[in-house]
There are 2 protein chains.
Amino acid sequence: MPDNAKLIREKIDQAVAILKEQNIDAWMTFVRETSMSPDPSLDLILGMDMVWQSAFIIAKDNQRIALIGHHDAENVKAVDAYTRIIPYVQGIRDNLVNALVELDPNKLALNYSEDDVAADGLGHGLMLTLQHYLNDTDIEKRLVSSEAIIGALRGRKSATEIKRIKAAIAKTQQIFTQVGEHILPGKSEADIAAYTHSLLRPDGLATAWDKEYCPAVNAGPESPAGHGGPQAKYKVKPGMLIHMDFGVKLNDYCADLQRMWYVRKDKSEPLPGKVARAFEAAHRALLAGFYALKPGVEGWQVDQAARDTLTAAGYPEYQHAFGHHLGRMAHDGSTVLGPRWERYGRTPYGIVEVGNVFAIELGVEVKGYGYMGLEENVQVTGKGAKWLSEVQTEVWLI
Amino acid sequence: MPDNAKLIREKIDQAVAILKEQNIDAWMTFVRETSMSPDPSLDLILGMDMVWQSAFIIAKDNQRIALIGHHDAENVKAVDAYTRIIPYVQGIRDNLVNALVELDPNKLALNYSEDDVAADGLGHGLMLTLQHYLNDTDIEKRLVSSEAIIGALRGRKSATEIKRIKAAIAKTQQIFTQVGEHILPGKSEADIAAYTHSLLRPDGLATAWDKEYCPAVNAGPESPAGHGGPQAKYKVKPGMLIHMDFGVKLNDYCADLQRMWYVRKDKSEPLPGKVARAFEAAHRALLAGFYALKPGVEGWQVDQAARDTLTAAGYPEYQHAFGHHLGRMAHDGSTVLGPRWERYGRTPYGIVEVGNVFAIELGVEVKGYGYMGLEENVQVTGKGAKWLSEVQTEVWLI
């Protein structure tokens, strides 16, 4: 991945601009042993794991300071993104306190957030350690959450990031096509998942989320929809809906799509009316959300457009959010296009911005046939939403 | 991995015993969106990712309560490890507060720790959320760190865990043998790493840590030792030491070994005296640590035995810890066999226990030849340490 270091420099430049916009002097990502306890922001501003306590400070005045264990100095230098690299052997404390006192920021943003998991990379124990380090300074009073910085930084995809997401979508669509040819009566959900995984192996590709649940496959009305793993006991039979939720991670970026097939009893069987009506309702609701998705709206407004369209058509509400950011992760944090339910905290109140990429999705149960779930990937432009995936406009027939 | 659910039940049983031992009524792992923000303990007590806020409470009286999003209920049931599963749709708050008030624990252990990263899975933001949830109760005053629970639980490997670690070590040793045949003059560090990765592909194996630095390869005296990635510019030449630090992750468990080769100028060249003396000093220091490693000692005492032996032989101190736990991660948290340096916090004061598995390691620079690093994997038994790896007793000749 030759453009990784370039991408990191792009994102750090973007972070400096966001600090200016939000008038925050400095943002610090403070980590340790990140292979066990990763901070999601580290991928954006460094792109490698750290073993010892390490701090990456990006300042509004364009300083980029890396305080790291001496073992890591060579690797961090190689990224060529930090203007000052301050290595240590026995402990980070003195270097860190000195750097912060010298910087004397109006606010110091740290990675903790009640609402955005992508901005909650700082462990509570490590926060306590930092507070001890800062005991003799008055910086502790200037600590703020970095959630607005990280929300903007993760959410506003750069050109390189959009390119990578598109490549992941293209690969995912290609795999859906191949899998479609493999869905035959007698095959189980587990068979379909295993075949999907076999298509990843030649390129050494990863799934966009936990492999055991990626793809999620639902064959017929008995198979419980949700985040369930594909099971050997549910087998493809004529007269069933087959649903698959899947995405690859390619070059560190994800796709997240759902596709629907109907297994005909014979080649002349038309799509059952009940299935066709459910698809139409779900598809129209998806489009209602798509058209509501534009810069400046709040996340919940997009969800509501889709949700109201679905319920107006006589179907029950889906029990999840309509959309989520898509990027390095299938669920990429920040603003959620979801209802104002307790569990979403303040994330549905986030503002949609140009450059955001979302996966939008919803589904309905079709009694006697199975789960009908649709999901597409879209980019927010100045003019509104734009499809990144090839929209499924009808149920595929088998 | 058919024995995963069994392993999880083993570890939860172990956790209940540890709660009794430590007289803590309840231990709660509170998480959300764990594919982005994993809590290392979740692998031990659940073995899958959660999307929504979820809480797993293990109680001294053997209750095992899972409070989860309704989507995840089927998957959690399938693990068959929780006695009460309480699903929710809109928010976890009421269910969680009710369950805790009903449980009324003397102490409620949570996953935060200044010292042990493996016990610091609770994000600071999520901790704030939990504190808000508990506002109207007095449970907040009973919150304690779970570090002693997690240290014991991760550290005391079960029979199944030891079996898996042994399998990872065996596979890693096999790969070292194959790689040794591939180290030829003209090959670069990057070539050696690429060849190592090619040996993982047929079995779809993962590396024990970040693939870019696993293996770490050092060819000759110019290549900087540390956590550096293998580089194309350093090539194997006669008269060089070749050093490789590597391990596979097999069935979720890791190996972590270092091996040394010397590239002879011709087949009759003996190992240079300076290299032989460095190996002997490093090997003796490693053995000194090995013999100091037994139940009841503190981590730093083991490090000191090795460190003193090395410096007594006239070599400088290594700038890292002598040993670290090995398990699901190459650096598996808890007690460190390391010096009492600031950066290690209290981890060198941890007590070595029966069932612990450590990677023990040290190295010296051999001027003009390269880095000499040795690392073996060992298990702590009632009688002392036991080798799990086939100890390298001499530098391998090429």
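**A buried residue, then the whole**

Analyst: B:Ile57 counts as buried because it has 24 C-beta neighbours inside 10 Å. The cut-offs: a residue is buried if 20 or more other C-beta atoms, placed from the backbone, lie within 10 Å of its own, exposed if 12 or fewer, and partly exposed in between. This is a predicted model: local features need pLDDT of at least 70, side-chain atom pairs count only at pLDDT 80 or more, and totals for chains, interfaces and linings use all residues. Residues are numbered from 1 along each chain as its sequence is written, while chains are lettered from A and ligands numbered from 1 in the order in which they are written.

User: Which strand is B:Ile57 found in?
Analyst: Strand 2 of chain B, residues 54-59. Strands (E, at least two residues) and helices (H or I, at least four) are DSSP runs, numbered from the N terminus.

User: And what does B:Ile57 touch?
Analyst: Leaving out residues up to four places away in sequence, B:Ile57 touches B:Ala26, B:Met28, B:Ile65, B:Ala99 and B:Leu103. Contact means C-beta atoms, placed from the backbone, within 7 Å.

User: How many Å separate B:Ile57 and B:Lys265?
Analyst: Their C-alpha atoms are separated by 62 Å. Along the chain they are 208 residues apart.

User: New topic. What are the confidence scores?
Analyst: Chain A averages a pLDDT of 94, and 99% of the residues score at least 70. pLDDT is the predictor's confidence in each residue, from 0 to 100. The model scores ipTM 0.86 and pTM 0.87.

User: What rotation superposes chain A on chain B?
Analyst: A rotation of 180°, with 0.0 Å of shift along its axis and an RMSD of 0.0 Å. That is the relation of a two-fold axis. The superposition is by least squares on C-alpha atoms of residues with pLDDT of at least 70 in both copies.

User: How many residues does the contact take from each chain?
Analyst: 52 from chain A and 52 from chain B. On the chain A side, helix 3 (73-79) and helix 5 (124-133) each supply at least two residues. Helix 5 of chain A gives the largest share, six residues.

User: Why do the copies meet through the same surface?
Analyst: Because 100% of the interface residues of chain A are also interface residues in chain B.

User: Which domains does chain A have?
Analyst: Domain 1 (4-154) and domain 2 (157-397). The bounds come from an automatic or database domain assignment. The C-alpha centres of the two domains lie 35 Å apart.

User: How many residues of each are in contact?
Analyst: 14 residues of domain 1 of chain A with 13 residues of domain 2 of chain A. On the domain 1 side, helix 1 (4-22) and helix 6 (147-155) of chain A each supply at least two residues. The largest share, four residues, comes from helix 1 of chain A.

User: What about the largest nonpolar core?
Analyst: The largest nonpolar core has 128 residues, and A:Ile149 and A:Ala282 have the most contacts inside it. Such a core is a set of buried Ala, Val, Leu, Ile, Met, Phe, Trp, Tyr and Cys residues joined through C-beta atoms within 7 Å. Helix 9 (residues 273-292) of chain A gives the largest share, ten residues. Domain 1 and domain 2 of chain A each contribute at least three residues to this core.

User: What does A:Ala282 touch?
Analyst: Not counting residues up to four places away in sequence, A:Leu362, A:Gly363, A:Val364, A:Met372 and A:Leu374.

Terms used: Contact = placed C-beta atoms within 7 Å.
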